[in-house]
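Colleague: Walk me through the terms you use for this model. I will ask what stands behind each one.

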Amino acid sequence: MYKNKTFLAIIPARGGSKRLPRKNVLDLNSKPLIAYSIEAGLKSKYIDKVIVSSDDDEILEVAKQYKADTIQRPIELSNDTATTFDAIKHTIYNFEKYDYIVLLQATSPLRNEKHIDGAIELLESKKADAVVSVCEMDHSPLWSNTLDDSLSMKGFLKNEVLNTRSQDLAEYYRLNGAIYICKTDKLLKEESFFLKDKIFAYKMDREKSIDIDEVIDFKIAQLFMVNY
């Protein structure tokens with residue numbers, strides 16, 4: 001609880017994963033990947049409850065071992081067409097009411113309780129309805145464009161970008177997938193963490209923003225975990 005407001009952390013974790021099979025329970029530095037998000041939520045000063053939503057018995061058992069509450073996701077919410085919001089809504093409707101929902105992706109092992117608490121404090125200081133974590137982009141998107149089958153680079157860069165040093169370009173940020181916070185009633189009404197108004201960005205370092213989706217992401221996380 002923070003400023004008399006309650007916070008429910010939800011960690012959605014399906015059993016299926018095409019790019020990196022069984023990624024949510026893969027061993028990362030002697031712990032299942034999902035354990036890092038559970039521990040971060042439980043160590044937060046402000047999170048009131050941490051729930052893992054999954055269709056997978058092994059994931060649910062691991063979640064219980066790491067002291068998270070669990071909810072079995074129905075089959076219809078576990079296929080490739082089901083969205084994260086569907087799982088979150090199912091969890092909301094099956095537990096007591098909380099003022100805010102905090103979505104913690106299981107694939108962000110370097111996001112910790114300090115980041116979560118910082119994002120919640122930002123939510124309060126901005127009088128926001130939603131906060132989403134971001135990090136600075138590795139390379140400016142102004143240096144990128146699409147290519148057609150001809151591979152022609154005619155007009156690839158805009159004139160104002162040509163001959164501009166990278167350090168002179170504006171800073172761009174991207175979603176890092178680590179933290180999403182939203183007022184519960186607003187989330188249910190708009191069916192998205194990306195509200196039309198009163199939403200703010202919580203900045204995180206790129207190093208802490210690793211989002212594990214493929215084998216290369218997992219290997220990078222292993223390197224950073226040495227000093228975790």
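Modeller: Start with helix H3 (residues 84-93): its buried residues are Phe85, Ala87, Ile88, His90, Thr91 and Ile92. The model is predicted, so local features need pLDDT of at least 70, side-chain atom pairs count only at pLDDT 80 or more, and totals for chains, interfaces and linings use all residues. Residues are numbered from 1 along each chain as its sequence is written, and side-chain values use heavy atoms, without hydrogens and water.

Colleague: What makes a residue buried?

Modeller: Buried means under 20% relative accessible area, exposed over 50%, partly exposed in between (1.4 Å probe, protein chains only). Phe85 of H3 is buried, so its value falls under 20%.

Colleague: Why is E4 called largely enclosed?

Modeller: Six of the six residues of E4 are buried, so the rest of the structure largely encloses this strand. Lys49, Ile51 and Ser53 cover one side, Val50, Val52 and Ser54 the other.

Colleague: How do you know that E1 and E4 pair?

Modeller: Pairing needs at least two bridges found by DSSP. E1 and E4 run parallel and share five bridges, so they pair. Proline 12 has serine 53 in E4 as its bridge partner.

Colleague: Which strands stand at the edges of the sheet, and why?

Modeller: The order is E5-E4-E1-E6-E8-E7-E9, an open sheet of seven strands with mixed pairing. E5 and strand E9 (199-204) each have a single partner strand, so one side of each lacks a neighbour in the sheet.

Methods
Helix = DSSP H or I, 4+ residues; strand = E, 2+ residues; numbered from the N terminus.
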